[in-house]
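Thanks, everyone, for making the time.

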Amino acid sequence: SKECSLSIATSMIHAKGAELEAVVHSKRNTAQDFARMFKCRTHRTANDLIHDPRVTAVYISGPCGPRLATALLACKAGKACLLEGPMTRSYVEARSLRDEFKAAGVPLFVSCPRLVLPRIIAAKRLIHTK
């Protein structure tokens, strides 16, 4: 979601020693707007971003299906990866992805930003109060 992406990007630019270098999005206008907001560059494809020598780690969000291929591309390029959860479509895919990163010695992390969105927190309260 846009709310999650903004939250992650804001966190990245405030993290010590980190810099938001570039962004890619399936909608070019969205990428350009995001880049203007966070003063970073855009790339046309995930492949271009991953192979940018100035990029040392990637954050991957969006639909689960394409995330697996993009994460594997990042792994092969030796780029640390923060993957938005759910990380894959299945347990088998998740184990396979974990194993690939482990074998390559490349860090893989999973982020679940939606868990702290106000509407999710409100829904949890409703579910857990009777």
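Before I count anything, let me say that helices here are DSSP runs of H or I with at least four residues, that strands are E runs with at least two, and that both are numbered from the N terminus. On that basis the chain, which is a predicted model, has six helices and five strands. Read from the N terminus on, the elements follow the pattern α-β-α-β-α-β-α-β-α-β-α. Of the 130 residues in the chain, 32% count as buried, and if you take the contacts between residues at least 6 apart in sequence, 48% of them join residues at least 24 apart.

Three strands form an open sheet with parallel pairing, in the order 3-4-5. Strand 3 and strand 5, the latter covering 108–111, stand at the edges with a single partner strand each, so one side of each has no neighbour in the sheet. From one strand to the next, the twist averages 15 degrees.

Let me stay with strand 3, residues 57–60, for a moment. Which residues lie on its covered face, and which on its uncovered one? Val58 and Ile60 are on the covered face, whereas Ala57 and Tyr59 are on the uncovered face.

Strand 3 pairs with strand 4, residues 80–84, in the parallel sense over four bridges. In that pairing alanine 57 has alanine 80 of strand 4 as its bridge partner, and isoleucine 60 stands opposite leucine 83, also in strand 4.

Helix 4, residues 64–76, packs with helix 5, residues 91–104, at an angle of about 10 degrees, and their axes are 10 Å apart. With the cut-off for roughly parallel being an angle under 35 degrees, helix 4 is therefore roughly parallel to helix 5. On the helix 4 side, the contact is made by Leu68, Ala71, Leu72 and Cys75, which meet Glu93, Leu97, Glu100, Phe101 and Ala104 in helix 5. Sorted by type, the residues of this contact between helix 4 and helix 5 comprise seven nonpolar, no polar and two charged.

Notes:
Residues are numbered from 1 along each chain as its sequence is written. This is a predicted model: local features need pLDDT of at least 70, side-chain atom pairs count only at pLDDT 80 or more; totals for chains, interfaces and linings use all residues. Side-chain values use heavy atoms; hydrogens and water are left out. Axes are lines fitted to C-alpha atoms, for helices over the stretch in contact, and angles run from 0 to 180 degrees between N-to-C directions. Angles under 35 degrees count as roughly parallel, over 145 as roughly antiparallel, 65 to 115 as roughly perpendicular and the rest as oblique. Contact means heavy atoms within 4.5 Å. Ala, Val, Leu, Ile, Met, Phe, Trp, Tyr, Cys and Pro count as nonpolar, Asp, Glu, Lys and Arg as charged, and the others, Gly among them, as polar. Buried means under 20% relative accessible area, exposed over 50%, partly exposed in between (1.4 Å probe, protein chains only). Two strands pair if DSSP finds at least two bridges between them.
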